[in-house]
Amino acid sequence: ADAQVGCTWWLFHGGEDTSFGPLDLRRNWTPTKIIEVEQGFCTLRLPDLTTKRMEIEAPLTSQELLSADMPPLRCIDWHHMSLELWTGYSSSRSSAFSTDSCMELSRLVRPGEKI
């Protein structure tokens with residue numbers, strides 16, 4: 001969706017704010033408001049009333065996306081899916097699910113496979 005004045009923009013802070021539960025979006029994201037949009041930039045009003053200017057990239061066309069130099073596509077089979085995987089939080093370890101753990105569960109997409 002295009003950035004529009006007055007819309008909410010969720011800004012990632014990654015601070016693991018433990019005052020919010022592990023499944024609460026606000027644990028790692030802060031809602032801000034878009035107060036100005038210019039060519040390639042938007043200005044956000046943060047909860048503490050300060051502002052932050054953000055560069056916003058134009059979306060790629062389908063042709064650009066297909067020709068982009070991307071790493072091989074990976075997937076995770078359904079039998080490996082779990083709440084921990086979707087939320088990035090492991091209740092048994094009381095910590096974030098690691099990127100290495102996700103890579104161990106994933107595999108390369110097979111040629112011609114539909115995902």
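Predicted model: local features only at pLDDT ≥ 70, side-chain atom pairs only at ≥ 80, totals over all residues.
1. R110 and E113 form a salt bridge in which the closest N and O atoms are 3.6 Å apart, a salt bridge being defined here as a side-chain nitrogen of Lys or Arg within 4 Å of a carboxyl oxygen of Asp or Glu. R110 counts as partly exposed, with a relative accessibility of 49%, and E113 is likewise partly exposed, at 26%; on this scale buried means under 20% relative accessible area, exposed means over 50%, and partly exposed lies in between (1.4 Å probe, protein chains only).

2. Residues are numbered from 1 along each chain as its sequence is written, and side-chain values use heavy atoms, with hydrogens and water left out.

3. A salt bridge also joins the side chains of D77 and R107, at 3.0 Å from N to O. D77 sits in the loop between β5 (74–76) and α2 (83–87) while R107 belongs to strand β8 (residues 106–108), so the pair ties together parts that are 30 residues apart in sequence. Helices (H or I, at least four residues) and strands (E, at least two) are DSSP runs, numbered from the N terminus. D77 is partly exposed, at 24% relative accessibility, but R107, at 17%, counts as buried.

4. In general, side chains of opposite charge can pair when their charged atoms come close.

5. Elsewhere, R53 forms a salt bridge with E38, the closest N and O atoms lying 3.3 Å apart. This pair links distant parts of the chain, with R53 in strand β4 (residues 51–55) and E38 in strand β2, 15 residues apart. R53 is partly exposed, its relative accessible area being 46%, and E38 is also partly exposed, at 34%. By the salt-bridge rule the count comes to 6.

6. N28 deserves a separate remark: N28 is placed in the loop between β1 (8–12) and β2 (29–38), and with a relative accessibility of 16% N28 counts as buried. Leaving aside residues up to four places away in sequence, N28 touches L11, F12, H13, G14, G15 and E16, where contact means heavy atoms within 4.5 Å.
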